[in-house]
Every structure is written in structure tokens, then in C-alpha cells.
Amino acid sequence: MHEEELLTVPDVMTRLKLGRSTVYDLIRSRRLPSLTIGRCRRIPARALRDYITNELEAAA
């Protein structure tokens, strides 16, 4: 079984080189899907890859 990697908000901030509020804005606007486990917000690595792909396609 392949387990999906779950990223923290700081992980996404580092990978996209964005600030915390910008990442939360992407989550709030549903452009970057996430889930909450207890009080922790997690972003599936696949969701981040899809977001990047969609942004690249929109910029082309």
C-alpha cells in the first residue's frame, strides 16, 4: 500500500518560498486542498504537485 506524504504548512512555505498567510490564503480559497487532523493542518504532497501543475498550465 502506498502511503501519501502529508506536508505541514511550514513544509509548503519552504517548498513554494511563500509566507504563512499566503499558504493559508491558498488553503482558505480551496486552491490548495488540505485536511485537519486534530488541531494540525496537513497538505497532501499530491495536492501540492497538482497546485503547481495547474499554476504552470494557467501561466502558459
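Which residues have the most contacts inside the largest nonpolar core? Select Val12, Leu16, Ile27, Leu32, Ile43 and Leu48 to see them. The core they belong to has 13 residues. Keep in mind that this is a predicted model.

**Stop 1: the helices around the core**

Colour α1 (9-16), α2 (20-28) and α3 (45-59). Each of these helices supplies at least two residues of the core. The top contributor is α3, with four residues.

**Stop 2: Ile43**

Now pick Ile43 and show what surrounds it. Leaving aside residues up to four places away in sequence, Ile43 touches Glu5, Leu6, Leu7, Thr8, Val9, Val12, Ile27, Leu32, Pro33, Ser34 and Leu48.

**Stop 3**

Switch to a cartoon view and find the strands. The open sheet has three strands in the order β1-β3-β2, with antiparallel pairing. At the edges are β1 and β2, each pairing on one side only.

Select residues 6-7 for β1 and residues 40-44 for β3. These two strands are joined over two bridges, in the antiparallel sense. Look for Leu35 here: it stands opposite Arg42 in β3.

What links strands in a sheet? Strands pair through backbone hydrogen bonds, either parallel or antiparallel.

**Stop 4: the turn**

Move to the hairpin of β2 and β3. Two residues lie between its strands. Select Gly38, which takes a positive phi near 65 degrees.

**Stop 5: along α3**

Select α3 on its own. The helix has 15 residues. From first C-alpha to last, α3 reaches 21 Å, close to the 21 Å expected at 1.5 Å a residue.

Which residues of α3 are buried? Highlight Ala45, Ala47, Leu48 and Tyr51. Turn the view to look down the axis of α3: its buried residues fall within an arc of 165 degrees, so they line one face of the helix. On the other side, Leu56 and Glu57 are exposed.

**Stop 6: what α3 packs against**

Bring back the rest of the chain. The buried residues of α3 pack against β1, α1, α2 and β3. Seen from the sheet, α3 packs on it and touches β1 and β3. The direction of α3 makes about 60 degrees with that of β3.

Definitions and conventions: Residues are numbered from 1 along each chain as its sequence is written. This is a predicted model: local features need pLDDT of at least 70, side-chain atom pairs count only at pLDDT 80 or more; totals for chains, interfaces and linings use all residues. Side-chain values use heavy atoms; hydrogens and water are left out. A nonpolar core is a set of buried Ala, Val, Leu, Ile, Met, Phe, Trp, Tyr and Cys residues joined through side-chain atoms within 4.5 Å. Buried means under 20% relative accessible area, exposed over 50%, partly exposed in between (1.4 Å probe, protein chains only). Contact means heavy atoms within 4.5 Å. Two strands pair if DSSP finds at least two bridges between them. Axes are lines fitted to C-alpha atoms, for helices over the stretch in contact, and angles run from 0 to 180 degrees between N-to-C directions. The expected span of a helix is 1.5 Å times one less than its number of residues. The arc is that of the directions from the helix axis to the C-beta atoms.
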